[in-house]
Amino acid sequence: MLPEPDRHRPIATPLLPCLPPADRAPTPSVSQRLRVLVVMGADGTGGNRLRRLLRALGRRAWSMRLDIEIVCGRNERLLRTLGHDVDQGGFGLHLKVIGFATDLPHRMARADICLLRASPLVMTEVAAAGVPTLAFDWHAHEAANARLLESWGCGRASKSVHRVVDTLEEWVLAEG
């Protein structure tokens with residue numbers, strides 16, 4: 001039974017049950033490559049950080065085990081920029097870049113790992129899907145979302161490209 005609420009203080013209750021990444025059973029694709037879904041906010045503010053992250057990933061030997069799909073939403077500029085990058089060699093990664101997707105929950109459910117900006121809607125959707133998540137960018141007003149991701153046990157958050165890549169490496173190598 002929940003305690004009687006204090007009119008001036010909210011009661012913290014767990015919202016979404018999630019398995020920590022280490023407890024999640026691996027579900028590699030048929031090709032034995034891990035499916036990474038990157039979901040960018042419509043405003044595309046994380047585009048520069050994403051490009052730095054992709055360059056850092058491309059320098060890691062284990063990155064060849066990743067199939068990375070990037071959903072740019074309605075941000076045409078980000079779609080063109082990343083599409084051009086892919087056409088020029090794709091950072092040495094297996095990348096697929098798409099625009100707006102109407103089936104994002106389905107794509108999340110198929111993913112082994114999600115990378116995203118800690119926007120509330122997308123973060124809640126991916127937490128509900130139970131997919132290990134790395135938040136790599138957020139606006140100041142979204143910082144609490146990044147903290148929630150970790151407190152829910154659904155993933156990790158860092159604006160440090162190197163920490164995100166190191167965490168991704170830890171998860172990829174743990175998947176076998």
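Visitor: What does Arg35 form a salt bridge with, and how far apart are the closest N and O atoms?

Guide: Arg35 forms a salt bridge with Asp112, and the closest N and O atoms are 3.3 Å apart. The two sit in distant parts of the chain, with Arg35 in strand S1 and Asp112 in the loop between helix H3 (104–110) and S4, 77 residues apart. A salt bridge here is a side-chain nitrogen of Lys or Arg within 4 Å of a carboxyl oxygen of Asp or Glu. This is a predicted model, in which local features need pLDDT of at least 70 and side-chain atom pairs count only at pLDDT 80 or more, while totals for chains, interfaces and linings use all residues. Residues are numbered from 1 along each chain as its sequence is written, and side-chain values use heavy atoms, with hydrogens and water left out.

Visitor: And Asp112, buried or exposed?

Guide: Asp112 is buried, with a relative accessible area of 0%, whereas Arg35 is partly exposed at 26%. Buried means under 20% relative accessible area, exposed means over 50%, and partly exposed lies in between (1.4 Å probe, protein chains only).

Visitor: Which strands does S1 pair with?

Guide: S1 pairs in the parallel sense with S2 (residues 66–71) over 6 bridges, and also in the parallel sense with S4 (residues 113–117) over 4 bridges. Two strands pair if DSSP finds at least two bridges between them. Within these pairings, Arg35 stands opposite Asp67 in S2, and Val36 stands opposite Ile113 in S4.

Visitor: Back to salt bridges, how many are there in the whole structure?

Guide: A search of the whole structure finds 10 salt bridges. One of them joins Asp137 and Arg49, with the closest N and O atoms 2.5 Å apart. Asp137 lies in strand S5 (residues 133–137) and Arg49 in helix H1 (residues 47–58), so this pair ties together parts 88 residues apart in sequence. Both Asp137 and Arg49 are buried.

Visitor: Which residues are linked in a network of salt bridges?

Guide: Glu69, Lys96, Asp103 and Arg107 are linked in such a network.
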